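Here is my note on the model, written as numbered points. Please keep the structure open as you read.

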Amino acid sequence: MRIAIVGGHGKIALVLARRLAARGEEVVSLIRNPGHADDVRSAGGQPVVCDVEHATVDDVAEAVGGAEAVVFAAGAGPGSGAERKLTVDRDGAIKALAAAVAVGASRFVIVSSVGAENPPDGDDVFNVYLQAKAEADAAVRGSDREWTIVRPGPLTDAPGTGRVKVSTDAFRGDVPREDVAAVLDALLDERLAVDQIVYLGGGDDPVQQALRSLT
């Protein structure tokens, strides 16, 4: 399967690319900075330069090519202002979704955040971040793709354990980025949790077992 990852140089995306490539999937990783291409190649992905923040839907569609699945794992990142939360986390996700429709990619998985279920008002940067995530998620839920929205708790760089807690009810729990990538991998491999919002944190259940329990 050809899988496109938008935000392909992110920490989660690189781990995901490595996992997907290891089981024989074709991985296309969209990156903003050409200098990140070697890192993507080392992870098993094919780097394609496409700055989703400034690209058109047609640009993104061309970049993802004939992908059967699209993963949106991009983000403005820490230190960015409120405006970029909207142009990347919201608008970039909506462009990626439109591109998935344009190329006929049936599967769309997005990395969101706990808190997007009830984003706070106000123009504080973190509030705007959650508002942006909520608006992107709403667009995904309204689409005709086989979508899954993943809302992890606070992300850590601790080694993954392969064990998680997942729920369709909101909860907040720290989770290693490696385990988020493992969840995304399982969602793509078995088309688990289609048309569901999945809350994710560290836990005791093996990833695939945890996800299968939702269905």
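What should the 14 residues of helix 6 span at 1.5 Å a residue, and how far apart are its end C-alpha atoms?

1. Helix 6 covers residues 177–190, and its 14 residues should span 20 Å. Its end C-alpha atoms are 20 Å apart, which agrees. The expected span is 1.5 Å times one less than the number of residues. Helices (H or I, at least four residues) and strands (E, at least two) are DSSP runs, numbered from the N terminus.

2. A word on the basis. This is a predicted model: local features need pLDDT of at least 70, side-chain atom pairs count only at pLDDT 80 or more, and totals for chains, interfaces and linings use all residues. Residues are numbered from 1 along each chain as its sequence is written, and side-chain values use heavy atoms, with hydrogens and water left out.

3. Is helix 6 largely enclosed or largely open? Ten of its 14 residues are buried, so helix 6 is largely enclosed by the rest of the structure. Buried means under 20% relative accessible area, exposed over 50%, and partly exposed in between (1.4 Å probe, protein chains only). The buried residues include Val180, Ala181, Leu184 and Leu188. Two charged names, Asp179 and Asp185, are also among the buried residues of helix 6.

4. Helix 1 (residues 11–22) packs on helix 6 at an angle of about 45 degrees, with the axes 8 Å apart. Axes are lines fitted to C-alpha atoms, for helices over the stretch in contact, and angles run from 0 to 180 degrees between N-to-C directions. Helix 1 is therefore oblique to helix 6. The angle classes are these: under 35 degrees is roughly parallel, over 145 roughly antiparallel, 65 to 115 roughly perpendicular, and the rest oblique.

5. Helix 1 passes helix 6 in a right-handed crossing. A crossing is right-handed if the near helix is turned clockwise from the far one by less than a right angle, and left-handed if anticlockwise. Helix 1 brings Lys11, Ile12, Val15, Leu16, Arg19 and Leu20 to the contact. Among the partners in helix 6 are Arg177, Val180, Leu184 and Leu188. Contact means heavy atoms within 4.5 Å. By class, this contact has nine nonpolar, no polar and five charged residues. Ala, Val, Leu, Ile, Met, Phe, Trp, Tyr, Cys and Pro count as nonpolar, Asp, Glu, Lys and Arg as charged, and the others, Gly among them, as polar.

6. Look next at what follows helix 6. Arg191 comes after the helix, and its phi is positive, near 50 degrees. Ala193 lies in the loop between helix 6 and strand 10 (196–202). Ala193 is not a glycine, yet its phi is positive, about 55 degrees. At 0% relative accessibility, Ala193 counts as buried. Asp195 is in the loop between helix 6 and strand 10 as well. Phi of Asp195 is positive too, near 60 degrees. At 45% relative accessibility, Asp195 counts as partly exposed.

7. How do helix 3 and helix 4 cross? The axes of helix 3 (residues 57–64) and helix 4 (residues 82–103) come within 8 Å and cross at roughly 60 degrees. The two helices are therefore oblique to each other. Helix 3 passes helix 4 in a right-handed crossing. Val57, Val60, Ala61 and Val64 of helix 3 meet residues of helix 4 including Lys95, Ala99 and Val103.

8. Leu86, Ile94 and Leu97 of helix 4 are among the residues in contact, as are Val128, Tyr129 and Ala136 of helix 5. The classes here are twelve nonpolar, no polar and five charged.

9. The 17 residues of helix 5 should span 24 Å, and its end C-alpha atoms are 24 Å apart, which agrees. Its buried residues include Asn127, Leu130, Lys133 and Asp137. The buried residues of helix 5 pack against helix 4, strand 5 (107–111) and strand 6 (146–152).
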